[in-house]
Amino acid sequence: MLSKEKLNRLNDLAKKAKQTTLSDAEQVERDALRREYLDNFREGFREHLDRIHVVDKNDLSKPH
């Protein structure tokens, strides 16, 4: 999970980008933070999906 400080920084950069232009260094920082955020999100989502078990209501008599 992205640390609170990194998430706050990402939000600050996103807000600034809407109001004005970001410097080249800020754009690089924002892109790196976005990449890290998305990688963490995808990993967590994949773990969540891996724990999901589909149950067929017509097949409840068989043990799982």
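**View A. Arg30, a buried arginine.** Arg30 has a relative accessible area of 15%, so this residue counts as buried, the cut-off being under 20%. Please keep in mind that the model shown here is predicted. Arg30 sits in helix 2. Setting aside neighbours within four places in sequence, you will find Arg30 in contact with Leu10, Leu13, Ala17 and Leu22.

**View B. Helix 2 from end to end.** Helix 2 covers residues 24-50, which is 27 residues. From the first C-alpha to the last, helix 2 reaches 39 Å, close to the 39 Å expected at 1.5 Å a residue. Which residues of helix 2 are buried? They are Glu26, Arg30 and Leu33. The buried residues of helix 2 pack against helix 1, residues 4-19. As a reminder, an α-helix has 3.6 residues a turn, so residues three or four places apart point the same way.

**View C. Where helix 1 meets helix 2.** The axes of helix 1 and helix 2 come within 10 Å and cross at roughly 130°. That angle makes helix 1 oblique to helix 2, and the crossing of the two is left-handed. On the helix 1 side, the contact is made by Lys6, Leu7, Arg9, Leu10, Leu13, Lys16 and Ala17. Helix 2 contributes Glu26, Glu29, Arg30, Leu33, Arg34, Glu36 and Tyr37. How many of the residues in this contact are nonpolar, polar and charged? The contact of helix 1 with helix 2 has 6 nonpolar residues, no polar ones and 8 charged ones.

How values were computed. Residues numbered from 1 in each chain as written. Predicted model: local features only at pLDDT ≥ 70, side-chain atom pairs only at ≥ 80, totals over all residues. Heavy atoms only, no water. Helix = DSSP H or I, 4+ residues; strand = E, 2+ residues; numbered from the N terminus. Expected span 1.5 Å × (residues − 1). Buried < 20%, exposed > 50% of the residue type's maximum accessible area, 1.4 Å probe, protein only. Contact = heavy atoms within 4.5 Å. Axes fitted to C-alpha atoms, helices over the stretch in contact; angles between N-to-C directions. Parallel < 35°, antiparallel > 145°, perpendicular 65-115°, else oblique. Left-handed = near helix turned anticlockwise from the far one by under 90°. Nonpolar A, V, L, I, M, F, W, Y, C, P; charged D, E, K, R; others polar.
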